[in-house]
Amino acid sequence: MTMEQTTPAPAGAAGGEFAGQVAFVTGGATGIGFGVARLLASRGATVAIFNRNVERGAVAVARLRAAGGAGGAARSWGCDIADSASVQAAFDAAIESLGRVDVLVNNAGLTRDGVFLRMSEEQWSGDRHEPRWRVPLLE
């Protein structure tokens, strides 16, 4: 097996290696998620941001659109990954609007802080740690 190195498209270029693809980024309004969304848009992807804070999502989309290129097609949806119905509704709306998903970056997460030795069994288990995006994408 050989490895190929790809050459990134210049920032703002709509014809990069993700041109014509739709990328969903959970937690994409700030931090690492926004960095990933910005990179995908700069390489040609139409980016869909899913974020619990709707206002932050709108700001992120405005920043991507201002950068030009494929970022001009960016969209955002409010979504709480701890709520299956919220995930399903946002996913359905994005698919209806954008037609499909080619790239999924499951960046959003939940944190249950606690001292390791004092965490209960429930804190370690439970469905809240499982990504809610896997079922709709695999069906």
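Select β1, residues 22-26, in this predicted model: five of its five residues are buried, so the strand is largely enclosed by the rest of the structure. Here buried means under 20% relative accessible area, exposed means over 50%, and partly exposed lies in between (1.4 Å probe, protein chains only); helices (H or I, at least four residues) and strands (E, at least two) are DSSP runs, numbered from the N terminus. With side chains displayed, V22, F24 and T26 point one way from β1, while A23 and V25 point the other way, and all are buried.

Residues are numbered from 1 along each chain as its sequence is written. Because the model is predicted, local features need pLDDT of at least 70 and side-chain atom pairs count only at pLDDT 80 or more, whereas totals for chains, interfaces and linings use all residues, and side-chain values use heavy atoms, with hydrogens and water left out.

**The neighbours of β1**

The bridge partner of T26 in β2 is F50. Then select β4, residues 103-106, which pairs with β1 in the parallel sense over four bridges, and find V103, the bridge partner of A23.

**The nonpolar cores**

Next select A37, L40, V47, I49 and L64, which have the most contacts inside the largest nonpolar core, a group of 15 residues. Such a core is a set of buried Ala, Val, Leu, Ile, Met, Phe, Trp, Tyr and Cys residues joined through side-chain atoms within 4.5 Å.

Centre the view on L64, whose contacts (heavy atoms within 4.5 Å) include F34, A37, R38, A41, V47, I49, G71, G72 and A74, not counting residues up to four places away in sequence.

**The charged pairs**

Which residue forms a salt bridge with E17? Select R43: the closest N and O atoms of the pair are 3.0 Å apart, a salt bridge being a side-chain nitrogen of Lys or Arg within 4 Å of a carboxyl oxygen of Asp or Glu. The pair links distant parts of the chain, with E17 in the segment before β1 and R43 in the loop between α1 and β2, 26 residues apart. E17 is partly exposed, with a relative accessible area of 33%, whereas R43 is buried, at 18%.

By this rule the count comes to two salt bridges. Select D102 and R100 for another pair, in which the closest N and O atoms are 2.9 Å apart; D102 is partly exposed at 37% relative accessible area, and R100 is partly exposed at 35%.

**The ends of the chain**

Finally, colour by pLDDT, the predictor's confidence in each residue, from 0 to 100. The chain averages 80, and 68% of the residues score at least 70. Residues 1-14 stay under 50, and residues 134-139 are also below 50. Where pLDDT is low, the predicted coordinates should not be read in detail.

Key. Two strands pair if DSSP finds at least two bridges between them.
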